[in-house]
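Dear colleague,

Please find the structure below. My notes on what was found in it follow directly after.

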Amino acid sequence: METEMKDKILSYMRDTVRRPITAEALAEELGVQGAALEPFFEALSELEQTAVLIRNRSGLYGLPERMNLVVGKLSMSGKGYGFIIPDVRLKETDTDVFVPGAMLASAMNGDRVVARVTPSPIPGRAREGEIIRIVERANTKIVGTFASSKSFGFVTPDDQKIGQDIFIPKKSFNGAKTGMKVVAEITKWPEGRHSAEGAVVELLGRAGDPGVDVLSVMRQYDLVQEFPTEVQAEADRVPQKVKPDEYRGRRDRRELSVVTVDGDDSKDFDDAVYAERRADGGWFLGVYIADVSWYVREGRPLDREAYERGTSVYLVDRVIPMLPFALSNGICSLNHGEDRLAMACEMELDAKGEVAHYEIVPAVIRVYRRLTYNGVNALLEGKAKDVDGILPMISVLKDLRDARKAYRRKRGSIDFNLPEIKVKLDDEGHPIGLIKRVGSVAESIIEECMLLANETVAEHMDKKELPFVYRVHEQPNEEKIERLNQLLAAFGQHIRPNDKGEIQPMDVQKVLEKVEGRPEERIVSTVALLSMQQALY
């Protein structure tokens with residue numbers, strides 16, 4: 001009832017009300033009277049508390065975006081200023097809101113806040129704001145390094161965006177010694193010139209000791225390896241073999257030589273591929289994704305826990321899975337030689353690499369071989385023997401990858417060829433080296449297959465006009481493109497927007513191609529990547 005009332009209030013405020021209104025007038029306009037008044041005022045109060053609606057000094061209610069206010073999450077820099085990422089953007093040109101250090105009030109990184117906004121005098125530049133209210137605090141616990149004097153101590157947060165130490169009274173040290181990594185719980189929020197106050201609630205160990213930094217990261221982001229009892233119990237009840245009645249309604253692809261291709265140390269396998277060349281010069285490509293939803297049913301403990309975790313997290317020395325081991329490494333992992341349930345995206349491509357026909361269907365598969373990136377590269381380079389007779393299909397996948405890369409390049413896709421760095425640890429967890437990982441042909445093959453499957457599914461859902469989650473990159477920020485062009489000018493390059501003021505991916509890719517193999521390639525690629533917008537879902 002309360003949710004319906006909130007929706008009713010918001011719909012009316014958005015569609016009809018153009019200036020702040022009293023609660024009584026709003027109730028009258030909505031026709032709310034008698035017994036319905038109590039849930040009305042409860043809903044109105046909750047909307048105000050969460051800053052979906054704002055009550056001004058005169059007691060009138062309005063939408064923040066129509067009162068020169070913005071509500072959103074504060075993202076701090078390490079330099080003492082921040083940006084508010086708005087909950088609502090009325091126009092595409094509505095930027096994040098820049099908040100100078102003096103205008104932050106007592107807000108901390110991640111807090112949900114309300115700010116009074118001043119439009120930017122320069123088009124495309126961030127609006128400026130002053131925080132006038134903190135709606136919700138994000139940092140109830142802080143992970144950092146403890147230091148103490150005789151009468152008090154403080155915790156310097158690991159997260160540089162928090163930007164202020166936490167004062168710890170002597171009675172709240174709870175065994176902490178200088179140099180220890182600790183978790184401090186905030187007991188009093190910062191106010192004026194006074195820092196936040198807290199108490200040490202957990203000792204993680206000496207800074208620099210093996211495992212302590214990883215443990216600190218886990219505590220900072222509330223990452224927990226163990227699962228709640230009811231979640232683990234549900235996972236333990238899931239059979240580790242596909243049952244005969246589960247094959248019904250699925251396309252049987254067990255006769256295909258489906259393969260997984262992953263890193264040498266991978267333990268769970270969630271995608272597999274198969275390809276063959278057609279007589280007309282085109283290809284058949286099957287991409288098979290583990291059908292986790294068959295085992296994780298909506299609303300059940302496993303589903304609720306997965307929703308809370310959101311993703312598996314890969315740390316330097318461990319993986320914190322989204323699902324218990326029985327699923328992530330068991331029945332939901334496409335293990336070699338085992339029947340597994342999957343969702344299939346099967347595509348027919350023409351000789352140019354363009355999808356001519358596709359089907360998205362539930363399937364059952366049996367992985368023929370578990371391959372590694374290093375093993376595939378060795379096969380393609382002739383450095384390993386084709387013991388399993390898998391090289392012909394790998395060669396088909398390689399040709400398909402080449403065709404798809406060429407097709408996407410003509411379309412204007414951007415290819416940032418930057419290496420990744422992996423930390424190597426010894427048996428005790430000490431870092432002993434950094435390994436540069438440069439993208440290989442094998443990794444590129446799988447990337448192209450997954451990109452194509454994702455694109456095909458996205459287009460399918462778009463044509464069906466069904467609600468769906470899309471991963472998109474918005475137009476780059478004008479300031480960042482301006483800075484990129486200042487760098488490019490030194491190398492005789494420039495990126496120009498089109499007639500609509502938009503940056504086209506093709507133009508960025510052309511610049512990257514011109515500096516490829518030259519000394520400036522790394523710096524240009526890095527700055528160009530940083531100039532792009534992060535993906536939104």
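R251 has a relative accessibility of 24% and therefore counts as partly exposed; on this scale buried means under 20% relative accessible area, exposed over 50%, and partly exposed in between (1.4 Å probe, protein chains only). Before the rest, the conventions: this is a predicted model, in which local features need pLDDT of at least 70 and side-chain atom pairs count only at pLDDT 80 or more, while totals for chains, interfaces and linings use all residues. Residues are numbered from 1 along each chain as its sequence is written, and side-chain values use heavy atoms, with hydrogens and water left out.

Salt bridges

R251 forms a salt bridge with E346, at 3.2 Å from N to O. The term stands for a side-chain nitrogen of Lys or Arg within 4 Å of a carboxyl oxygen of Asp or Glu. The two residues are 95 apart in the chain, with E346 in strand β19 (residues 339-349) and R251 in strand β13 (residues 251-252). Helices (H or I, at least four residues) and strands (E, at least two) are DSSP runs, numbered from the N terminus. E346, at 5% relative accessibility, counts as buried. R251 and E346 also belong to a network of salt bridges with shared partners, together with R253, E255 and E359.

The whole structure holds 30 salt bridges. One of them joins D87 and R112, whose closest N and O atoms are 2.7 Å apart. D87 is in the loop between β4 (82-86) and β5 (97-99) and R112 in strand β6 (residues 112-118), so this pair ties together parts 25 residues apart in sequence. D87 is partly exposed, with a relative accessible area of 44%.

R369 and D388 make a further salt bridge (3.0 Å, N to O). R369 sits in strand β21 (residues 369-372), and D388 in the loop between α8 (373-380) and α9 (391-411), 19 residues apart. R369 is partly exposed at 23% relative accessibility, and D388 is partly exposed with a relative accessible area of 31%.

Barrel

Five strands form a closed barrel in the order β3-β4-β5-β7-β6, with mixed pairing; two strands pair if DSSP finds at least two bridges between them. Ignoring direction, neighbouring strands of this sheet are turned by 50° against each other on average. β6 and strand β7 (residues 127-136) run antiparallel and are joined by seven bridges. T118 stands opposite E128 in β7.

Helix packing

Helix α11 (residues 478-489) packs against helix α13 (residues 521-531) at an angle of about 170°, and their axes are 9 Å apart. Axes are lines fitted to C-alpha atoms, for helices over the stretch in contact, and angles run from 0 to 180 degrees between N-to-C directions. α11 and α13 are therefore roughly antiparallel (over 145 degrees). Contact (heavy atoms within 4.5 Å) is made by K480, I481, L484, L487 and L488 of α11 and by I523, V524, V527, A528, L530 and S531 of α13.

Positive phi

N68, which is not a glycine, has a positive phi near 60°. N68 lies in the loop between β2 (61-62) and β3 (69-76) and is partly exposed, with a relative accessible area of 43%. E465, also not a glycine, has a positive phi of about 55°. E465 is in the loop between α10 (441-464) and α11, and at 72% relative accessibility E465 counts as exposed.

Regards

Note on methods. Angles under 35 degrees count as roughly parallel, over 145 as roughly antiparallel, 65 to 115 as roughly perpendicular and the rest as oblique.
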